[in-house]
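Colleague: Could you walk me through this one slowly? I am still new to reading structures.

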Amino acid sequence: MWLGTSLAVAGMLAYWSCGTSGQKANGEVLARQYCGGCHVFPEPSLLDKKTWEHGVLPYMAPRLGLQMADTDSSFFHNYEEQQRIARLGVFPDKPVISQEQWASIVEYYVRNAPDALPHTPPRDTLLPLTNFKVRKTKDPIAATVTSVRYDQYSRQIWVSQRPGGVFVLNNKLQLVDSLFNPESPFSDFRSNGGSSWELLSMGMMDPNDDSKGALLSIRKENGNWRGKRLIGNLQRPVQATYADVNEDGREDVIISEYGNYTGKLAWYAATATDSMKQHIIEEWPGARMTYWQDYNGDGRKDLWVLWAQGDEQIAIYLNNGKGSFAKKVLLRFPPSYGSGYMELVDFNKDGKLDILYANGDNGDKSYALKPYHGVRIFINKGNDKFEEEFFYPLDGATQAIARDFDQDGDLDIAAIAFFPDFSLDPVRSFVYFENTGNNKFTPRTFPDTNRGRWLTMEAADVDQDGDQDILLGSFYLAITPTPKAYLERWKSEKQGVVILENMLR
């Protein structure tokens, strides 16, 4: 999901105390000090000269108290955001370094960056996706889909739209119900036995630090939709995990509040009065998603977290009991990686959870096709070591899910790319990786992948025949340079949802 990842996001707070203001210093030394304080140091080779000079560095300067970039209108949307950002010290009141030192940093990046990033044609030809059949919805759905989810209890498909509308389809892809969420589009969804549902309402979808998100509970009574707010004042929440965090027998909820310049990862404790009490785990932007799974084999579930928005990392929060955690970083990536999604799966069947990772968020100040965007598998070697065993370059990779789609005993992968290379034919916005054994994959796709711009994906047995189908949700609004003909097609055809029906059974 595009969430406005920006290379300029991570602050320099940790290094302010050791600044060299008023002193001349080598540009690389300054860059490593001030540009690597709170995230992996971004090597000049990660971006081209033009992007560094005109795209990224002007928006990094305010983090050091230098003049704010005139072209950025997204720093503050309202007074609330301004106060929150000021409280957290995102932008210092006074310069941390001199203009001369800043010029040295800029000169270092521009001098050492390539004129253009290396970009070679795909290394292989995509084979036909023979075991899936493309099915369209019976009713037109605008390609402004922010989330698509399958309710296994009611056997219905829930589709969220950017304007706030929610469509409900049956497994024949016919529209059977709809409702309007005045809060905003939903980013996550849970069905409680098909009789009530919980929607995680994003608030404003675009990058912002407002607190208009909410967790809603809805149900239908006498033909009318009724709802209530369980938790409010959330900062652009994008995912919820339900668990008894404090071990009191009640179900709590862990919410990734992505935010923009600010945000947080927090869990909300259920109480006897049906209210939810906030407990902040970490106050930092970019919490993308979480899993509640035992990491160290002590029988107590731990919290796995994917962080984006600058300090790209996969971290484990070891569960000390009663809602107390100790953080350990497992993997860390440069800011321009654009982390989008992860899954925990055992690819090599050794009993340890491996990590499937998709990175390619390109909706930032560094838009370019990047050779390090794609789909990766990190194998759990034990002792906190995860080694990359598989990497498939996929421009703008957004999400990857692992399932045994062909039921041959190993895990296949379905991946989507919201920021693909539109010059390719076919456009690689969807790639299916057939596992041919020992985690060797054959890439495939379906005809006319460009019938939608895929932002969200779900695997489920939609037709109830015993195999996993794939739901795709399309979001056509342009965020980065996109051919006009494609935009017009996505808007006019209104194929917001497509199902890849598994023909195995």
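Colleague: Is Ser 191 buried or exposed?

Modeller: Ser 191 counts as buried because its relative accessibility is 12%, where buried means under 20% relative accessible area, exposed over 50% and partly exposed in between, with a 1.4 Å probe and protein chains only. Please keep in mind that this is a predicted model, in which local features need pLDDT of at least 70 and side-chain atom pairs count only at pLDDT 80 or more, while totals for chains, interfaces and linings use all residues. Residues are numbered from 1 along each chain as its sequence is written, and side-chain values use heavy atoms, with hydrogens and water left out.

Colleague: OK, and which strand is Ser 191 in?

Modeller: Ser 191 sits in strand 7, residues 186-192; strands here are DSSP runs of E with at least two residues, numbered from the N terminus.

Colleague: How does strand 7 pair with strand 8?

Modeller: Strand 7 pairs with strand 8 (residues 196-201) in the antiparallel sense over 6 bridges, and two strands pair if DSSP finds at least two bridges between them. Across that pairing, Arg 190 stands opposite Glu 198 in strand 8.

Colleague: What do the side chains of Glu 198 and Arg 190 do?

Modeller: They meet in a salt bridge at 3.1 Å, N to O, a salt bridge being a side-chain nitrogen of Lys or Arg within 4 Å of a carboxyl oxygen of Asp or Glu. Glu 198 counts as buried, because its relative accessibility is 10%.

Colleague: New topic: how many salt bridges does the structure hold?

Modeller: The structure holds 23 salt bridges, including one between Glu 388 and Arg 376.

Conventions. Helices (H or I, at least four residues) and strands (E, at least two) are DSSP runs, numbered from the N terminus.
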